[in-house]
Amino acid sequence: MVIAKTVDGEIGIMPQHAPVLGVLVEGGVLRVKRENEGDLVAAVHGGFISVADDEVSVLAEVAELGTEVDVAAARDALDRAQASIEANQEDADAALEAKRARARLRAAGEEV
Amino acid sequence: MGAQLRLLRRRINSVKSTAKITRAQELIASSRIVRAQQRMQAAIPYEREITRAVTGVVSNAASVDHPLTVAKENPAKAGVLIVTSDSGFAGGFNANVLREAEALRGHLEGRGLSVVPFVTGRKGVAWHSFRNREMGGSWVGFTRKPAYSDAKEIANTLIESFKDDNGIDEIHIVSTEFVSMLTQNVVVKRILPLEVEETEATESTVIPPYFEFEPTAADVLESLLPRYVESRIFTALLQSAASEEAARRRAMKSATDNANELMRVLTQQMNQARQAEITQEISEIVGGANALADAAAGKE
């Protein structure tokens, strides 16, 4: 089962799912539940999910596997982004940066 | 030592050092091709999937009119993205691309369009600025190792101009396609507006499934198409980078071969000259000795 977050909300895809093409949100977490194995988790920043013929493909501009996330760096990025949001409420870049950092931390299994 | 001999030695030395340089360039290019090819391979799945997604949307939602898919009624300007390299020493690589771009320009102008070139690579930019051609945009410095962000920057410029009412109405791309180490072809493609290909259904044709869209087909298309253009440009940049190295390797190999051949001929000439000099010296000595002997015989 694949769980992803599209702009319309979370979507869960089981085998035999009808073909879907969705737009993923910036700073979302993608989870692939596998039999006999642990979940595959990835932070996905933007992109698409396409389901067709029992095949799920995720096209992302930037993506990172949870196991590969540098937790310290992500937390650092989050702190910096939050600091600049506090300084300037309308800092869209920083808001986006905070979103991304949160997604990376969640993918790595950290509490945010 | 004779003057001719000295001259030949000097030439051989100079050819030898040139051969060393070209040989080194050849080896560098060979090792770079492998990495360039790997980068090219790595980008293939993404492009394939995104092309499939675009095909899916367009064939499912024929009613969706998006500025990026509809051909304008009276196209006035065409943008041509010309992908060349930053550095030379690559044989006819850049000349081939530029020749093809000129042919496309002629063709487009024949249709009554004015052409705006967008150029990547120092060689192409220099070529255009030397001829005082105005460019819609130019990018240099990454042709050996293009990153996705480079493709994104180019795509943004092109799409912005495409969406602008006074901007370009078509986007063509002239680049080099990497077929194999020995074959690279210059290809001309139109990326926007999308070309709908009516194909005959064969057994291998997979009919795109009927998609549901989240949130709507128009929204999906809106964010999908720029990614598609980026991906197409990225692929062209990567292919061009691999082709550039392959062309450079070939050019440097033939330069090294030429230098070796020249060295062989010059060495032969040098040996001949040396032999001639020795022969002359011996005959001078013998002649001298004979003259001395004759003079001594005459005294007695």
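Analyst: Gln16(A) is found in the loop between strand 2 (9-13) and strand 3 (20-23) of chain A; helices (H or I, at least four residues) and strands (E, at least two) are DSSP runs, numbered from the N terminus. This is a predicted model, in which local features need pLDDT of at least 70, side-chain atom pairs count only at pLDDT 80 or more, and totals for chains, interfaces and linings use all residues. Residues are numbered from 1 along each chain as its sequence is written, while chains are lettered from A and ligands numbered from 1 in the order in which they are written.

User: Is Gln16(A) buried or exposed?

Analyst: A residue is buried if 20 or more other C-beta atoms, placed from the backbone, lie within 10 Å of its own, exposed if 12 or fewer, and partly exposed in between. Gln16(A) has 6 other C-beta atoms within 10 Å, so it is exposed.

User: What is the phi of Phe89(B) near?

Analyst: Phe89(B) is found in the loop between strand 1 and helix 2 of chain B. Most residues other than glycine have a negative phi. Phe89(B) is not glycine, yet its phi is positive, near 55 degrees.

User: Why is strand 1 of chain B largely enclosed by the rest of the structure?

Analyst: Strand 1 covers residues 77-83 of chain B. The strand is largely enclosed because, of its seven residues, the number buried is six.

User: Which residue in strand 2 of chain B stands opposite Leu81(B)?

Analyst: Two strands pair if DSSP finds at least two bridges between them. Strand 1 of chain B and strand 2 (residues 114-120) of chain B pair in the parallel sense over seven bridges. In strand 2 of chain B, the residue opposite Leu81(B) is Phe118(B).

User: Which residue in strand 4 of chain B stands opposite Val80(B)?

Analyst: Strand 4 (residues 170-178) of chain B pairs with strand 1 of chain B over five bridges, in the parallel sense. Opposite Val80(B), strand 4 of chain B has His172(B).

User: Within what arc do the buried residues of helix 2 of chain B fall, seen down its axis?

Analyst: The buried residues of helix 2 (residues 93-110) of chain B include Phe93(B), Val97(B) and Leu104(B). The arc is that of the directions from the helix axis to the C-beta atoms. In helix 2 of chain B the buried residues line one face, because they fall within an arc of 120 degrees.

User: Which residues are exposed on the other side of helix 2 of chain B?

Analyst: Among the buried residues of helix 2 of chain B are Leu98(B) and Ala101(B). On the other side of helix 2 of chain B, the exposed residues are Gly106(B) and Gly110(B).

How values were computed: Right-handed = clockwise from strand over helix to strand, strands pointing away.
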